[in-house]
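Have the model open while you read, and take the points in order.

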Amino acid sequence: LEIVLQIDELIFAALGSWRLKRLVGATALPACVPSYAVLAPPVLGAFAFVAALLVAHVQPQRELFVKARDALCAGELDFIYASDAAGIVAWAHTPGARVDRLEERNFPDGGGAGADLTMDDNMDWSFREWTVQTVLRQLGRDHFIGVDAAGNATCYDACYLWDEATGATLGSNPAAPACCLATKTRLPVAAGGSWSVAQQKQRSVEDAVVTWNSGCEDTLDLQFELDLQIRGAVGDAVSRDACGGSCPPSKPFCDATTKSCIAPSCSDVARYCHDNDDIGLRARLFCPRTCGCDDPRSSLVLANPNQGCGRNCMRAGGYMARLQDTPCEDVEYNDTAYNAYLDNWERVGWTWPQDFAASAVSLSLQLRWGCWVLPWLELGPTNLCVEGGANWPIRPLSYFCPATCGCRAGDPHCPL
């Protein structure tokens, strides 16, 4: 205000006429110095107004800006993450990240980094979101992996349950600190090499089967180093609405029947084996034996490698033994296993795009007459007897119709 008044005086002195200056000078009022009694009320009122303004508006705005700063800039920033086709989430620090120290302000509220969360906490997050939240809180930095520079013990020692007699792991500790989730899902590098986030993102279903279940085992039932990640991937594939919208990492699967969060087993996901969606794919990938991937004449239609049934299932001892016992002759039209297969074919077919669904369901109905109708169907270039011979991702019919399909000893998907 003082600057404005001085500029006004300069302009008046430079541009004002002498008559105007004389008139203003003649009408100027004498200076008046008010007393303290007169000044005190308005001055105190002004101070009170400013103080109220600070408390009511400025301070809340400042706190909001601090929260926004911590939400955007505090905690771990130098990382990327991704999930593969199996739903397994992993992350890594970006090149140049300082992982040997902790940032002073931590996500989400600026507090110091600490392993205060546990796997039993229900925070209204999915398993994938849980992983990212722990990383943002710096729980994936070196401080929480072993022993810090001061020699203080860190949380990773409590990640597993141990057999005291043998020293072998008994699986993940359900009450472990949340930093275990960050360290167990951490990859060495962001890009380059087979264990990188870039490769994680590009990993197909077939590659995921080789990585996470190369032995065609029901890995969801196993207690081992990867059980936490596998259960989380399965849990993220189902709705959690029946359980209030969320489940803790130690029990990531919402059982819609009991409306409770559980650590899933293959018996809990068996009802999804024939589904053409994420939970169906992960059920077959992590529970191939329960779903029938290792049974040549199971009712499983979606049994190809790109549907979660690994090629190693066709090399497993149980599969080879069943194939050895399978006669090289067509089943009867009323064979139980054959009709169960066609039932699932029709059920899955309705989940495909309309044009594919109509032709697939129509074909399954014609096949109810038996294997003998195959040569009479107008299929064009489609060959239902070999893997990948049709537009639909289905198990070849050669398991049920080896004679009509022209099977010879040693042919893929044929009796031995």
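1. Let's start with burial: of the 416 residues in the protein, 43% are buried. Keep in mind that this is a predicted model. The protein contains 14 helices and 6 strands. As for how the chain meets itself, take the contacts between residues at least 6 apart in sequence: 61% of them join residues at least 24 apart.

2. Next, the inside. In soluble globular proteins, nonpolar side chains tend to be buried together. Here the largest nonpolar core has 32 residues, and Leu-220, Val-269 and Phe-286 have the most contacts inside it. Two or more residues each come from helix 7 (205–212), helix 8 (227–235), helix 9 (266–269) and helix 10 (278–286). Helix 10 gives the largest share, 5 residues.

3. Leaving aside residues up to four places away in sequence, Leu-220 touches Ile-230, Arg-231, Val-234, Pro-264, Ser-265, Cys-266, Val-269, Phe-286 and Cys-287. There is also a second, separate core, this one of 31 residues, with Leu-302, Trp-352, Leu-377 and Leu-384 among them.

4. Why call helix 10 largely enclosed by the rest of the structure? Because 8 of its 9 residues are buried. Those buried residues of helix 10 are Ile-279, Gly-280, Leu-281, Arg-282, Ala-283, Arg-284, Leu-285 and Phe-286. Do notice that Arg-282 and Arg-284 are on that buried list. The cover over them includes helix 7, helix 8, helix 9 and helix 11 (288–291).

5. Now for the outside. Val-50, Leu-54, Val-55 and Val-58 make a nonpolar patch on the surface, and together they have about 340 Å² of accessible area. Leu-54 sits in helix 3 (residues 36–73). Is Leu-54 buried, exposed or partly exposed? Its relative accessibility is 43%, so Leu-54 counts as partly exposed.

6. There's a hairpin worth a look. Strand 3 (residues 160–162) pairs with strand 4 (residues 169–172) in the antiparallel sense, over 2 bridges. Trp-162 stands opposite Thr-169 in strand 4. The hairpin leaves 6 residues between the two strands, and Gly-167 in the turn has a positive phi of about 80°.

7. Finally, some backbone details to check by eye. Most residues other than glycine have a negative phi, and most peptide bonds are trans. Phe-107 and Pro-108, however, are joined by a cis peptide bond with omega about 5°. You'll find Pro-108 in the loop between strand 2 (89–93) and helix 4 (127–136).

8. Two non-glycine residues with positive phi are also worth a visit. Gln-138 has a phi near 70° and lies in the loop between helix 4 and strand 3. With 0% relative accessibility, Gln-138 counts as buried. Lys-259 has a phi of about 55°, and its place is in the loop between strand 5 (253–255) and strand 6 (260–262). Lys-259 counts as exposed because its relative accessibility is 60%.

Key. Residues numbered from 1 in each chain as written. Heavy atoms only, no water. Helix = DSSP H or I, 4+ residues; strand = E, 2+ residues; numbered from the N terminus. Buried < 20%, exposed > 50% of the residue type's maximum accessible area, 1.4 Å probe, protein only. Contact = heavy atoms within 4.5 Å. Patch = residues over 30% accessible without salt bridge, like charges linked within 9 Å, V, L, I, M, F, W, Y side chains within 5 Å. Areas by Shrake-Rupley, 256 points an atom, 1.4 Å probe, with all protein chains shown as cover. Salt bridge = Lys/Arg side-chain N within 4 Å of Asp/Glu carboxyl O. Pairing = 2+ DSSP bridges. Core = buried A, V, L, I, M, F, W, Y, C linked by side-chain atoms within 4.5 Å.
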